[in-house]
Every structure is written in C-alpha cells, then in structure tokens.
Amino acid sequence: MDIFNALRNASSQDASQAAESLQNLQVAQKRSGAFVEMLSIAATSNVALDIRRMAIIQFKNAGVNNWRNRALFSDEHRAAVRQYSISFLSEPDDIVAQCSAVIIAKIYRIDTNKSWLVSPTAYCAATISHDHLASRPELLPGLLNVINTNAEARFISPSPNPSLALRRALHVLNQILKEISAIKIPSGVQFMGTITAATYSPLMGLYGRFSSAIRGSFLPTTINDPQTAIDAEIHYVLYKCLVKIMLWVWNKVKQRTPDEDQALGNFFSASATQFKTMFDLRLNVVAHSRSHNDIGVSAPGTRAIAYLDCHVRAFGKFFRKMQQSSTSRFVLLPGCSALIMYYWGKVVEANRAPEYLSDDIQSLYPTPVLLQGMVLFKDALSQWAPNRKGSGPDIVTEILPEAFVSDAVKLLITRFLPLKASDLTSWEEDPEEWINREDKDSETWEYDLRPCSERVLMVMCNRYEQYVVPLVQTTFEEIISAPTTDDLDAILRKEAVYCAVGRCFAHRPGIDIDRWLRTSLNVEVYQTSPKQVILYVLPSCPYSSLSLRFRILKRRIAWVLGELSSQGQSSPERQAEVWKLLAHLLQDQSPSSDIAIRLSAALAIQSCIDTVQFSLDIFHPFLAGVINNLMQLMADVETLDSKRRVANCLHHVIERNDDKIIPFMTIITHPIPHLWQTSGDDFLFKAALLDLTKQLVQASQEHSSTLQYIVVPLIQESMRPEAALRLDEDGMSLWLATLRNATSILPSSSGAPGLIDLLPGAVELLRDNLDLLGSILSVIESYVLLDPVNVFHAQGLELFNALGHCMQQAVSTNVKDVLIVLNLVIQMAPSNMWADAMHHTGLFKWLLNFVVADKGNVAVLKNIFYVFSRMILQDTAIFLQLLQANPSPEGVQLLDRLLDVWWRRFDSMAEPRHRKLTAMAMGRLVASGRPEILKRMSGETFNLWLDVLGEMKEALASTDGHHLHLYWKDGGSDIPEGLLKDAEGTLEDRRRRQIYAQDPVQTTLLTSFLAARMKEATTNTPGGPAAFDSYLAQTDPLVMDQLKKALLP
C-alpha cells in the first residue's frame, strides 16, 4: 500500500475520505519499515505541510508504541529513525517540531543513552560549527553542544536561524527530562542523576544570561522586536528544563546529597527572586501598553508577553508541585514565607482595581497567577497556624497577626465570594448549565477564584478560629439585622455572607440557626417578584432582572440548609422548619424561582436525608410533595447530567423511607421507559435509572412484584451487547435485587413479563461470560432458592450444561463458587430433576474424574465431596447408579478410588457442619449394603464416625423430645454469615434461613441417624445379617466398644 497517498488522503478535508484513509494507514503500519517511511516523508521539506504533519503525528501516536517490535523496526530502521529525528532540530513548523521532540524523548527513554549513536552530520543543519561534534555522537552531548553553540551565536549576532535550532533543541531536552525524570526503577534514577550532573550547570548559566537579556528587552520601545519574543521563548523553555531537574531532586528526599540540597535551596531562592522580577516586568509592560493606547503591541510583542505570562505561571507551577509533595518541607525553604506573602500582596493589589483582574493576556493581574498565589497561601496556612501540633526544628513558628487575618477574611467575603456580572449573566441565560457548573467547584476549585476563595476561608477559619469566627458572626448579624432590600449589591453581599456561614459553621456552633430560620430565611424563601418584571441596566451586569435578585438568595439558602444539616447542625426539633423551606424551594415554579434553585433544593434534600439525625417521622408529611416535585424536576431539566443528579437524590429519598415509598411506586417508575429511550448513549444516566429502580425494589420488597413490567425490560436492555460493556454490572445488580425480593418468578398475568423470561439469558451468561461469573452465580442461586421446580422445568438441562462448562473453564476460586451453587441445587430439588441432567451433560463424570485424579485444588475437592454427600443423602441409589454409568477405562472400581481420596481428604474439612454431612453420607453408603463399602466399614468408616462423634455433642431437648440442641454451635449465629450472601433484610434472607433450618445436618441427631443406617445395612447386605456380622467381626474390639457407647442410648 502506498504510504504517501494514504497520508495525503488522510489529511484531506473530505471527512469520509480521511476516515477511510486512516483505516488504510492502520493496516499499512503493520508492514515492516512503514513507520520509517512515514518519518522520511515528514522530514522532507518540499512535501506539503499537511502531509508532513499527518505523517509525524501518525508516527508519534503509533510508531513509538511499537518501537520494541522487531517485526516493524529492524536495527537499520531504528538507526534511520534516529537520524531523521535529529534533522527536525532545524524544522520551521512548530507542530512538526513538537511531535518530533516527543518522539525523540520517548524513544530515548526506551533505548537508553548508549543506543543513541547518530552520525555527527545529523546535527549539521542545527549548528553553526560542526567541528565540536566529531567526538560527541551521543544524543544528550550532541543536544547540549547544539544549545551552547547556538546560544553563543545568538549573543554574538542575534538572528532567527541559530535561535530556531536553539529553541528546537531546548524543547527536545525538555521532553527528555520529562520522560527520564518519571522513571522510578534504580537504573532510571541513576541515569537521571547522570543527566542532571551534565545539564544543570550549563542550563543555569544560560538561564542567567537570557534573564539579563530579557530585562533589557522588555521595554516599551523594544517589546515589538521579533528577537524579544524569541528570547522570551528560549528563556521560558530553559526554566522548564531546570524545573524538571529540581523537582526530581526535591522528590528524592532522603537520597539527596549536601550539594544537591544546596543547589535546591539556591534554585528556589533564585526562582522566588526571579518571579518577583518577572511579575513586575510584565506588570510594567502591560500597564504602559494599556495607558498608551496610541502605541499598539504588534504580533511579535503579543507573543513576547504571552511567553512572559507563561514563564510567570511556570514559577507558580514549580512552587505548587513542591508544596504538594511536602508542605512541611516547602515552608521551611529560605524565603518561602516572603514569597507567599508577596503572592498574597498581589491578590490584595488586584482587588483595588478589579477591572485589571482577568484571564486576558493584557490584564495587569492574570487570574491564573493570583489563583496560584491563593492556593499556595491556603496550604501554607496549615503550617502557620497557632494550633498546629508538633514541635522541633522542622516546625514553622510563624503566626499571622490578627489584623492580617481580619483583613484577609474581609477581602475574601467582600471581593471574592460575591457573584460577578459574568456569573449573573450566565445564570440568566441558562440556569441549569450554570448551576451544574457551580456544583462542580469541588473538582475545579484550584482553577476558579470564587471556589478557591471559599477554600481559603475555610482553612483560615479552621486554623485561626479565634479571629475568624467572631468576625464572620458579627458580619452575619449585621447582614440579617439590616432591612430587606432589593438592591443588587446588598443582595450579592448577603449571598456572600451566607456562603461564608455555610463554609465556616457547617461543623461548629456559633450561629443562631433557629432564629435565622424563623426570621430572615422564611422571608427570603417566600419572596416573590411582582407580576411586572422590571428590567434595568447596571454597569456591572447589563442584563439583570428583579426576579433574578430574589433568586440569588434562594439558591444560596438551599445550599446553606444542605450544608448545615449534612454536618449535624440540624437538630430533630429544627428539621420540620428546614423541610418546609426546602419543600417550598423544590416545588416553586413562579418567576421568582428557576431550575437552578430547584436543583439546589433537591441536592440540599439529599444532604439532609443522608445524616444520622434524619427523622422519618418528621419528614413523612413532606414525602409525597418531595417525590412528586422531584419527578417534575426530572421532567423539567434538559440535560441528562441534571436528570442523573435528580435521580440520585430520589435514590436517597427511597433508601431512607423504605416501605413508606410503596404508594409512590407508580409515580416514580412511570417516566423511566421514556427517559431510558431518550437518553441515547448516556450510560451514566442509564446506570442511575437502573440504580433508582433497584432501590425501589429493595424498599418495596414483596410489593416489588408489581414492578416486573419495568424491571424485566430494563434488565434485558442493560444486557444487550451494545450496552453490556457499560451497564452489565448495574443490570446484574438490579436483577439480583429483584430476585431476592420477589415472591415468584412467574408472570403475574398472561402475557406480562416475568423473571422466568430472563432465565435463559442467565444460563447463557453462566456458560459464556466468565467476567460476570460472581454476579451471575448469585442470580442463578436466587432463582433456585425462589422456585427450583419451575427453574428445572424451564432450563434444567441447559443449567447443568452451563455449570459443567463453567467449571471446566474457570479458575479454582470460581469453580468453588460454582460447586456451592450446585450443592444448593441438589439440596433444593428432588433427584428425579437433577439425576438425568447430571449424567447427560457429563457434569457428574467430570466431577468424578476430578476427584479420582486427586491432583486438583484441595478447596475444589472438598466442595465436590460436599456435593456428593448431598446427592447420597437425598438418593443413595441414584448416586450409585451414576457411578455405575461411568465405568473406569482401566477396569478399576471408581467407587474404591473415590472412597480412597475421600478418606485422605477428610481431615482438610474444617467446618463441623461439613464433617457431620460427610459422616451422614457415609452412613447412607453403609446402609446400601454394597460389599466394597462394607469392607471399609471396620476401619475408615468407623474411624471417621468416631472422629465426628467425638467432636460434636448433640441432644434432643428434654421438653418435647423433638427439638435438636447442637452444642457444637453454641456461641455461634443462627446461620453462618457466608450462607446469607449479602441477602440480609430481603425476602431471600428468610428463604436462606428456612433452608438452613430444614437441613438434615441441623435437624438430625447424628447418633440416631448412624444407628438407623446400621440396622438398614443388616437387611440390605447380600447374604443377610450373617454376612453383615462378618464385616463387623473385622473391627478392632476397642473401636467397637467406643462405637457402641456412642451409638447406643
């Protein structure tokens, strides 16, 4: 296949042609040498740029991952790739150069330095002089030579050509440092140490020289010089390389040498100083540009400011990564406190002129830089707190003064917490989208000023409680004591204070919540806007309405109520008032409310319900309204993300109200089919619907039979091939919950769906899907427990076939689980239902051969013996017939082999109930009178019985003579925990307990049972009692005396 034409077509603007060609490329990539050809095309300068880009992107994405594949890369191919890669050091296109840097770094990480031997002429286009390369063919020395040579050339005579090679080489080095520093194995760590020793000093020297050049060129008169932008980029990439080296050294911790510690401290101090210089340099340039509108900034000037902006942010990223690695070590670095306070000072400066604070490149105070400062400040507070535990030389003793803390709290509440004009505009345009974005602040707080400010306030309140709490209390009292107003600024201030209260007092007393509920909140929650909505224009918010001003507080009130209740601040006496307010906010659809408020109320209800103080009796009067309004809200919201959040809230309501939810089942389930059909491929929402239905089934228990009309189709939909990859676990969970709470697997009426309709699918999954084996075994077990007769009539042969197939394919642990299910099947169904199936499917033969071989897993062997014991207890004749139907190919009696292994493995059976089960099975075999069994009676069988009888003490109750008291169970639970299989509290729990209680092991006195079987053996033995006595005569007299004492009353 022609690689060039495939690349050309793949870069076509025709989407269909491009898609087809990309598939052809994937096929072509499997040919040896194809990737080398791609890189050759990318390195050819006269090829169209789109084709070159496509070629190198394909190599970066697929070629690197297959670098070790000798079928695709021969040694000659690898050498050619290395040669081509170096040629990109003079590449003029940024995209091609960036991809080549990634390729070189990733291959270099795989190859190690010794394999990267390239011809010195490979660097020719990237250097001014090639004389220095003759003895330095390795990649890293070659790169350093390119960097040093071209850097010297730039300072001798600035021009774009040497600067291009210098920039490209630095980008490659940056990628190499990124790759090698991530290696954790000892050889990789050692290699990174070698690179660090070779590169740090030269790079640091170059960084200092370019820093001087930048300070001299970032002037209003030279900012538009193209060389300024080039130098700014080189300066920035040099620092990124140094940062990767120093972060690697920082994370070595105890492995650092004194020289490395010294270098690290010096670099941090230099970075702190350089950050201040660069920030002020940028501030001056941007301020001059903004104040002299007649002097514009050209495209090169804009690029220069952009690189300077990136450089300033790079300092913050470096400091933050160090802090994240170890906050305690970070604050001990020389000058760290001064650095953080400098950041905070810029935060304060920015708020003196808020119009200069934005994400724009021309802003005086870039938001990302201030965010970095606030995050650094927040985490440093934990080390500066007066209540910090610990002492010693590694403890910071710096404590912020009260005045500073008070000013900081006031700044946060008055400047950063209030909603901005952009927030109000977004809210007005799309309330649902806005509130969903707002509620994700816990994930994105490091990237947004307002949620970040909230976290700073929370930490300050925790660390400086003695200063912050009284201040917030005073501010709160002033706000709620002020007359109600519709002034937007006053409302925004109140909303910010409410936010501060929710953040600071969610886990501590200090706010009179009862008075707040009765007074301010009652008024604000029930506020309504006039029928004539008044629109007006504010400088800060061009599109605001009177109704929006009322909505601002209502949304925050819902949030605060959820916060305070979720942290245990809501006492039982107060809950009724909280429920009343939240129920109103949830149902209110007047112009004074919107989707944002109703969603906030729903989430607050979820928080209030999910607390230990939740009172079902107090909530019950509001239950009907909450259910109806949640369902209405789910219908009203437009995005599936919002619907999923409402469904999760409904899940919690159902979970905490149990059977009180039964009257509302139809209301809840009615819209589910439509929601499922309209959700398309949003599997997260479909999973939420499955979980909601499951919760409803669990709450309604025996009443859940009325839900099968929706449960059965949902399970079928979730297990379809196109959905199973995403939904099979959720579908299985609903399936299992439904079975455990069902009263029948049959449909309630003719033509209606029933759980039996799903049984063939369950058997098929058992046979073919080992990934879901644990879940599907639980489902099969629940089917058998619920209705074994109808299960065997419908799928008996198929079930045993699936069990056999599964045991032959699964690992030992899973085979044990399959055998536990098989044991239950034998116990639950009469022998005429399972005997033929065991024989015709070959399942019994497989079990028998596994035991006779005696080479398998001991746990599996034991569980097979438990299955055989169940079969023998239920129908000894059938078991012996199955043995006879599977003769040994060597002519050896299988029964003898079986009994040999059984006796050898008996001591590995630890649980008393299993040992008693085995003893009873042996009693049944003795009762059959088979000579091959009786000849073992005097030795193995009697010894086994005596062992079990000596371990277990049992007696019939003296009161009625029928109840069996099992002394060997004293101190234990009514039923072993493992037998309940997480079914506690369901209808299946009762079924399991009933089966366990009716088990002959639990109801039969072992001594009486064995004595009765001995009498049967006397009759069934060929030759009659005399023949049986001859077998008894072989018994040791002492053993016979012990047995008589144990069995005879």
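**Salt bridges and surroundings**

Modeller: Counting a salt bridge as a side-chain nitrogen of Lys or Arg within 4 Å of a carboxyl oxygen of Asp or Glu, we get 60 salt bridges. One of them joins the side chains of R450 and D423, 3.3 Å from N to O. That pair ties together distant parts of the chain: R450 sits in helix α20 (residues 449-463) and D423 in helix α17 (residues 421-429), 27 residues apart. Helices here are DSSP runs of H or I with at least four residues, numbered from the N terminus.

Keep in mind that this is a predicted model, where local features need pLDDT of at least 70, side-chain atom pairs count only at pLDDT 80 or more, and totals for chains, interfaces and linings use all residues. Residues are numbered from 1 along each chain as its sequence is written, and side-chain values use heavy atoms, with hydrogens and water left out.

As for pLDDT, the predictor's confidence in each residue from 0 to 100, the protein's mean is 86, and 90% of its residues reach 70 or more. Residues 124-137 fall below 50, and this stretch has 25 contacts in the model beyond near neighbours in sequence; a contact means heavy atoms within 4.5 Å.

Now look at A752, in the loop between α33 (721-740) and α34 (759-768). Leaving out residues up to four places away in sequence, A752 touches P747 and D757. A752 and Q708 are 44 residues apart in sequence, yet 8.5 Å apart in space, C-alpha to C-alpha.

Note on methods:
Helices (H or I, at least four residues) and strands (E, at least two) are DSSP runs, numbered from the N terminus.
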